Amino acid sequence: MGAYQHILLAVDYSGHSDICARRAKDLAKKYQAKFSLIHVLDNIPMPDTGYGTVISLTEDSGYALLEAEKDRLKQIGDRLGIAQSNRWLIWGTPKQEIVQLAEREQVDLIVVGSHGRHGLSLLLGSTANSVLHYAGCDVMAIRLPDDSVF
Ligand code: AMP
């Protein structure tokens, strides 16, 4: 049995998400771990889907923005060979939802991206920092190229 049995990849669909995805996939393969994927919707208004904060990936919500998000998650999940049942689209605050899902699903490694921080973003903190701080399991922060300008 490998050191990690359940690896959770958190994706924000930024330009560098692929770097994290490749690293997480390699680890899942190396440890023959269950491989899960989460995207948290924090930038679209919550439609009245009746699903609560965990959004069904199989039913049609009839809400264009939500369908587009489901489609993006499907593309990444398909590319990484992640089982449908291990893909999570959740509405809320990324740092909270990532940590809560990890606890609920008994994840033992969370993979997130990490940008070099300076200026205002350093003061405000980052998802990676918060996950590292609050998660009850290991967290791997993949250093991403920094293309911010301040
Ligand atoms: P940030 O520090 O907020 O720029 O994000 C760093 C990392 O946190 C990203 O590379 C993702 O791994 C994760 N993350 C940020 N936002 C989200 C989100 N909405 N859903 C899932 N993961 C996220």
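Mentor: Happy to; we will start with the strands and then turn to the helices and the cores. Keep in mind that this is a predicted model. The sheet is open and has 5 strands, arranged in the order 3-2-1-4-5 with parallel pairing. Strand 3 (87–91) and strand 5 (138–143) are at the edges with a single partner strand each, so one side of each has no neighbour in the sheet. From one strand to the next, the twist averages 25 degrees.

Strand 5 runs parallel to strand 4 (residues 109–114), and 6 bridges join the two.

Now for the helices. Helix 2 (residues 64–80) lies across strand 1 (6–10), strand 2 (34–41) and strand 3, and runs at about 155 degrees to strand 3. Helix 3 (residues 94–104) has buried residues that include Ile 98, Val 99 and Leu 101. The buried residues of helix 3 pack against strands 1, 2, 3 and 4, and against helix 5 (127–134). Just after helix 3 comes Gln 106, with a positive phi of about 55 degrees.

Finally, the cores. The largest nonpolar core has 26 residues, and among those touching the most other members are Ile 7, Phe 35 and Val 111. Helix 1 (17–31) gives this core its largest share, 5 residues. A second, separate core of 18 residues includes Val 107, Val 131, Ala 135 and Cys 137.

Notes
Residues are numbered from 1 along each chain as its sequence is written. This is a predicted model: local features need pLDDT of at least 70, side-chain atom pairs count only at pLDDT 80 or more; totals for chains, interfaces and linings use all residues. Side-chain values use heavy atoms; hydrogens and water are left out. Two strands pair if DSSP finds at least two bridges between them. Helices (H or I, at least four residues) and strands (E, at least two) are DSSP runs, numbered from the N terminus. Axes are lines fitted to C-alpha atoms, for helices over the stretch in contact, and angles run from 0 to 180 degrees between N-to-C directions. Contact means heavy atoms within 4.5 Å. Buried means under 20% relative accessible area, exposed over 50%, partly exposed in between (1.4 Å probe, protein chains only). A nonpolar core is a set of buried Ala, Val, Leu, Ile, Met, Phe, Trp, Tyr and Cys residues joined through side-chain atoms within 4.5 Å.
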